[in-house]
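Here is a short walk through the structure, written for someone who would rather think in side chains than in coordinates. Take a look at it first, then read on.

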Amino acid sequence: MFLINCPFCGEREEKEFSYGHEAHIARPENPENLSDAEWADYLFMRKNTKGVHLERWVHTAGCRRWFNMARNTHTNEVLAVYLMGEQPPKEIRDMIDGKKKS
Amino acid sequence: MVDTYRLRSPLAHLHLDARAHEEADISGTGVVMKEIPYRGLINIRGDAADSAFVDAVQKAVKLSPPVDANTVAGKANTTRIMWLGPDEWLVITSPQGADRAMKALWKNLKTDGLHAAVTDSTQARTCIEISGPRAREVLQKGCSLDLHPSVFGPGQSAQTIVSKVAVMMTQTAAARNGDPTYELYPLRSFATYLWTWLEDASQEYGLKVG
Ligand SMILES: [Zn+2]
């Protein structure tokens with residue numbers, strides 16, 4: 001059990017929230033032009049990150065709003081919370097980029 | 001609106017009125033519980049930054065929707081507006097005031113160019129009031145929020161979980177000695193479970209039905 005800082009309600013226990021899987025997956029503009037493999041990639045293929053993961057959450061038992069979260073899947077540490085439509089904060093992007101290089 | 005004579009509280013089968021009559025003397029009791037059924041519960045949605053929306057709500061129920069998260073505007077036992085989200089509120093009225101508030105909100109918010117929604121959810125929930133010197137301890141057994149008066153005092157509200165039940169909750173008042181009064185609004189199908197759970201959790205402090 002860990003605490004999540006809802007951007008609207010404030011800090012609440014994790015059981016009030018539901019997990020919405022990986023964030024920032026844009027629906028393809030022209031699905032009719034995609035191959036089956038490309039469409040399957042959009043529908044089914046997800047990262048299985050050990051470390052900083054960008055994901056969607058919804059405050060089910062509270063304000064029922066969706067938002068994005070950067071979480072370390074290894075330690076469950078919540079690193080950042082940001083609104084739908086926003087990109088992760090720079091320090092999170094640096095964290096992810098830094099990991100890729102190493 | 002449902003015809004008044006058809007209304008049936010989800011806790012009617014517990015015969016709380018009869019128990020309240022038997023347990024009339026509530027002095028020295030740790031916890032007092034009662035159901036306050038049939039209150040008007042009207043969900044409104046709109047943009048608090050749009051003065052046309054705020055003015056329309058103000059005109060309809062004489063209150064502005066609160067912009068501070070987890071707060072309620074208005075006094076206990078009068079018409080109030082509870083914050084539910086950044087663009088969503090719950091107007092709480094007396095049973096008698098529900099119809100009038102619904103019509104007034106509908107009339108004032110149904111304006112060209114105004115983006116808003118009004119939904120009557122009166123029948124969806126009931127209200128359980130829990131008060132007394134040990135009321136906070138009872139809730140704290142099933143609720144992970146910090147209910148200390150410095151954090152969750154009168155006028156504060158939350159949508160949260162009390163013993164697995166999603167509720168809208170507010171502290172309406174504190175007595176002069178600091179004893180709090182909370183209102184819980186569970187969905188009606190969860191009301192019996194929540195009532196009996198609260199009743200069980202209150203046993204060690206002494207419970208009376210008010
Ligand atoms: Zn929330």
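Predicted model: local features only at pLDDT ≥ 70, side-chain atom pairs only at ≥ 80, totals over all residues.

**Chain A in outline**

Let us stay with chain A for a moment. Two helices and six strands make up its secondary structure, and they follow the order β-β-β-α-β-β-β-α along the sequence. The C-alpha trace spans about 45 × 35 × 20 Å along its principal axes. Of the 102 residues in chain A, 33% are buried. Among contacts between residues at least 6 apart in sequence, 47% join residues at least 24 apart.

The surface of chain A has a nonpolar patch formed by A:L43, A:F44 and A:M45, with about 340 Å² of accessible area together. A:F44 belongs to helix α1, residues 36-44. This phenylalanine counts as exposed because its relative accessible area is 59%, over the 50% cut-off.

**Charged pairs**

Side chains of opposite charge can pair when their charged atoms come close. Over all chains, the whole structure holds 17 salt bridges. Here are three of them, with their N to O distances.

| Salt bridge | Closest N to O distance |
|---|---|
| A:E16 with A:R12 | 3.0 Å |
| A:R71 with A:E55 | 2.4 Å |

In the A:E16 and A:R12 pair, A:E16 is buried with a relative accessible area of 1%, and A:R12 is buried with 4%.

B:E137 is partly exposed at 34% relative accessibility, and B:R134 is partly exposed at 32%. Elsewhere, salt bridges that share partners join A:R64, A:R65, B:R45, B:D87 and B:E88 into one network.

**Inside chain B**

B:E88 also makes a polar contact of 2.9 Å with the side chain of B:N43. B:N43 sits in strand β2 of chain B and is buried, with a relative accessible area of 15%. Beyond its close sequence neighbours (within four places), B:N43 is in contact with several residues, including B:L84, B:W89, B:L90 and B:V118.

Strand β2 comes up again with helix α3 of chain B. The buried residues of this helix pack against β2 (40-45), α2 (51-61), β5 (88-93) and β6 (117-120). Those buried residues are B:A98, B:A101, B:M102, B:A104, B:L105, B:N108 and B:L109. The length of α3 can be checked too: at 1.5 Å a residue, its 12 residues (98-109) should span 16 Å, and the end C-alpha atoms are 16 Å apart, so the two values agree.

**Two backbone angles to notice**

Most residues other than glycine have a negative phi. B:H15 has a positive phi, near 50°. B:H15 is in the segment before α1 (16-22) of chain B and is exposed at 54% relative accessibility. B:N70 also has a positive phi, near 60°. B:N70 lies in the loop between α2 and β3 (72-73) of chain B, and is buried at 13% relative accessibility.

How values were computed: Residues numbered from 1 in each chain as written. Chains lettered and ligands numbered in written order. Heavy atoms only, no water. Helix = DSSP H or I, 4+ residues; strand = E, 2+ residues; numbered from the N terminus. Expected span 1.5 Å × (residues − 1). Buried < 20%, exposed > 50% of the residue type's maximum accessible area, 1.4 Å probe, protein only. Contact = heavy atoms within 4.5 Å. Patch = residues over 30% accessible without salt bridge, like charges linked within 9 Å, V, L, I, M, F, W, Y side chains within 5 Å. Areas by Shrake-Rupley, 256 points an atom, 1.4 Å probe, with all protein chains shown as cover. Salt bridge = Lys/Arg side-chain N within 4 Å of Asp/Glu carboxyl O. Polar contact = N/O pair within 3.5 Å; in protein donor to acceptor, adjacent residues only side chain to side chain.
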